[in-house]
Amino acid sequence: MLSVLLITFPFFALVLCGYLAARRGVLPQPAIPGLNAFVLYFALPCMLYRFGASTPIGQLLDPAVAGVYGVCALIMVGGTVAFTRRAHIGWNDAAFGALVAAFPNTGFMGVPLLVALLGAQSAGPAIVTIVVDMVITSSLCIALSRLDGAGTHGVGVALKSAFKGMATNPMPWSIALGALASALQFQLPGPVDKTVAMLADAASPVALFTIGAVLARSQMNQHEQVPARDYVPVALAKLLVHPLLVWAVGTAAMALGVPLTPFALTVLVLLSALPSASNVSLLAEKFGANNGRVARIILVSTALAFVSFSAAVALLT
């Protein structure tokens with residue numbers, strides 16, 4: 001456990017640094033979108049491209065990984081909506097609560113953390129899960145959020161907006177370009193490769209710092225009280241139920257002959273044990289959901305994940 005904490009501590013410590021910097025005013029709130037833009041449009045795409053280009057194409061197009069993870073995501077979404085939707089939580093809030101329960105922080109935290117823990121071969125399954133979460137899980141939850149008529153647009157307009165957001169998100173494109181480079185054995189010219197490498201190396205520390213700053217900003221800008229019963233169970237489901245579900249479904253799939261390797265299952269379980277993705281807060285705000293509730297789920301899951309994720313790593317590796 002101590003050896004695991006020696007690896008995971010710096011990642012969560014960087015999140016705490018960003019949180020404290022924003023809370024104390026060392027990092028002004030107007031600067032946070034700039035950090036987020038740097039990570040989203042420059043550093044993270046370069047990191048994903050490099051991992052994609054160096055990963056065998058078969059790992060990036062693994063239907064067993066996508067199938068097992070996708071089934072679990074659908075179960076998490078359905079279960080969370082069923083258990084949380086009540087009189088004061090309509091489809092809109094229930095759907096984004098489900099998204100934050102099923103969508104781990106794979107891009108900003110998971111890929112660099114798992115590569116540090118398990119090696120570069122863990123990047124392939126991780127990249128597959130990013131695509132599943134961005135294309136399937138997010139679109140499903142946005143569609144569900146429109147069922148109670150919240151907001152001014154219907155399901156069709158919401159889905160169109162969701163697909164437009166995915167089309168303008170550089171992460172899927174960087175993954176696709178990396179996969180293409182892997183398939184064609186393409187190498188970037190030397191100076192370009194060094195530039196991409198420098199940006200990729202900046203992705204992990206800046207992304208983790210930015211997660212902390214975003215969480216602090218969300219907490220500082222909350223003006224309404226949210227009962228603990230509306231967000232703590234969802235955070236616990238993200239950290240405990242999600243990885244246990246992935247382990248159970250993956251183990252059953254392997255017993256039925258699905259070509260899922262034990263290593264890939266370990267990666268999927270650890271990804272599912274990550275805290276909730278911080279970008280869900282932005283989506284919740286965009287579609288008029290209770291962002292205070294979503295931000296609290298992300299904050300609680302991130303704080304508790306230092307212990308729960310480290311424990312999961314110690315058990316599985």
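Predicted model: local features only at pLDDT ≥ 70, side-chain atom pairs only at ≥ 80, totals over all residues.
The largest nonpolar core comprises 101 residues. Within this core, Phe96 and Phe309 have the most contacts.

Helix 12 spans residues 262-272. This helix is mostly covered, with nine of its 11 residues buried.

Helix 11 covers residues 232-255. Its axis comes within 8 Å of the axis of helix 12, and the two cross at roughly 160°. Angles over 145 degrees count as roughly antiparallel, so helix 11 is roughly antiparallel to helix 12. The crossing is right-handed. On the helix 11 side, the contact is made by Lys238, His242, Pro243, Val246, Trp247, Gly250, Thr251 and Met254. Helix 12 contributes Pro262, Leu265, Leu268, Val269, Leu271 and Ser272. By class, this contact has nine nonpolar, four polar and one charged residues.

Helix 7 (residues 123-145) meets helix 12 at another angle. The axes come within 9 Å and cross at roughly 50°. Helix 7 is therefore oblique to helix 12. This crossing, too, is right-handed. Pro125, Ala126 and Thr129 form the helix 7 side of the contact. Ala264, Val267, Leu268 and Leu271 form the helix 12 side. The contact divides into six nonpolar residues, one polar residue and no charged residues.

Gln185 lies in the loop between helix 9 (170-184) and helix 10 (190-220). This glutamine has a positive phi of about 55° although it is not a glycine. Most residues other than glycine have a negative phi. Gln185 is exposed, with a relative accessible area of 64%.

Arg217 is placed in helix 10. The relative accessibility of Arg217 is 19%. Buried means under 20%, so Arg217 counts as buried. Beyond its neighbours within four places in sequence, Arg217 is in contact with Gln29, Ile32, Pro33 and Leu282.

Pro30 occupies the loop between helix 1 (2-23) and helix 2 (32-54). At 72% relative accessibility, Pro30 counts as exposed. The C-alpha atom of Pro30 is separated by 31 Å from that of Val192. Along the chain, these two residues are 162 residues apart.

Key: Residues numbered from 1 in each chain as written. Heavy atoms only, no water. Core = buried A, V, L, I, M, F, W, Y, C linked by side-chain atoms within 4.5 Å. Buried < 20%, exposed > 50% of the residue type's maximum accessible area, 1.4 Å probe, protein only. Axes fitted to C-alpha atoms, helices over the stretch in contact; angles between N-to-C directions. Helix = DSSP H or I, 4+ residues; strand = E, 2+ residues; numbered from the N terminus. Parallel < 35°, antiparallel > 145°, perpendicular 65-115°, else oblique. Left-handed = near helix turned anticlockwise from the far one by under 90°. Contact = heavy atoms within 4.5 Å. Nonpolar A, V, L, I, M, F, W, Y, C, P; charged D, E, K, R; others polar.
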